[in-house]
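I opened the notebook to work through the model from its overall layout down to single residues. These are my entries, in the order in which I looked things up.

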Amino acid sequence: MADEEKPGMSATERFKRRKAAEASPKPTVAIVKVEPMILPEPPEEPIAKHTEPVAVSEPKFDIASGPKRTYLLAPNKILTTKCKEVDKIDDKIISLAHDMEDFLKNPPPLEVKPIGFAAPQMGMSVRIISCMLNPMAIELADKDIISIVNPRFVYIKKVHLVTETCLSLPGREYKIKRGKIVKIKGMLLDGTPRTFKGHDIVAQMFQHELDHLDGILLNSPGRG
Ligand SMILES: [Zn+2]
């Protein structure tokens, strides 16, 4: 404001100010250094596609007994419904997660030992999974079984064909493409954000359980 020409200014003063203005550097566009955005690594191949089931006998029942609570068998609408995000980790959520962890620690007699479990399998349509992080351990430590709230993929890599089963589809096996290396992020039960990287069977389990949260089962039609 101070350098503007003002009414009543003498012609000489006005001339001087114009010359000074011409001599001064022209305004330039500010250059702001932008840090590159760190994007998640893209999957090397599209996310898995299911193939036809190996066996196709529909179960005659729709619920099975677990040690503490029941878990659902397909067909059941909750299993094919996309689960809601957890917006608050309250006592109800923590209790559900503990029940899911207990289920993994003390599973009912099953043909295949479960290494992951998703909340909709307990009839709760919320985004929580419980997982064994070290399923090959001979003796499991408490820290090897954890629950992850609102898990999301960071990346899926090295897609290959595997055979997979699901507690909710007993007695059946499916050939399916899964990433061999997977990174996911989510929250622990105390709200701490965490990322988890899984290889092989753990990567497969993460993908299987996250599919459950999206209402996708191994026999879901048109998947991929
Ligand atoms: Zn399953």
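In what order do the elements of the protein run from the N terminus on? I read the order as α-β-β-β-α-β-β-β-β-β-α, and I note at the outset that the model is a predicted one. My tally of the secondary structure comes to three helices and eight strands.

Next I looked up the totals for the protein. Of its 224 residues, 27% count as buried. For contacts between residues at least 6 apart in sequence, I find that 65% join residues at least 24 apart.

I then turned to the strand pairing. β6 and β7 run antiparallel and are joined by 12 bridges, while seven bridges join β7 to β8, again in an antiparallel arrangement.

Helix α3 took up the next entry. It covers residues 200-213, and its 14 residues reach 20 Å from the first C-alpha to the last, which is close to the 20 Å expected at 1.5 Å a residue. Is α3 largely enclosed by the rest of the structure or largely open, and why? I put it down as largely enclosed, because 12 of its 14 residues are buried. The buried residues of α3 include Val 202, Met 205, Phe 206, Leu 210 and Leu 213, and also Gln 204, His 208, Glu 209 and Asp 211. As for what they pack against, I list β4 (116-118), β5 (128-132), β6 (145-164), β7 (174-187) and β8 (193-199). Just after α3, I note that Gly 215 takes a positive phi of about 75°.

My last entry concerns Met 100, which I located in helix α2, residues 91-105. Why does Met 100 count as buried? The reason is that Met 100 has 27 C-beta neighbours inside 10 Å, where the cut-off for a buried residue is 20 or more. Leaving aside neighbours within four places in sequence, I find Met 100 in contact with Phe 117, Ala 119, Met 122, Ile 128, Ser 130 and Ser 147. For one of these, Ala 119, I also looked up the C-alpha separation from Met 100, which is 7.4 Å although the two lie 19 residues apart along the chain.

Notes: Residues numbered from 1 in each chain as written. Predicted model: local features only at pLDDT ≥ 70, side-chain atom pairs only at ≥ 80, totals over all residues. Helix = DSSP H or I, 4+ residues; strand = E, 2+ residues; numbered from the N terminus. Expected span 1.5 Å × (residues − 1). Contact = placed C-beta atoms within 7 Å. Pairing = 2+ DSSP bridges.
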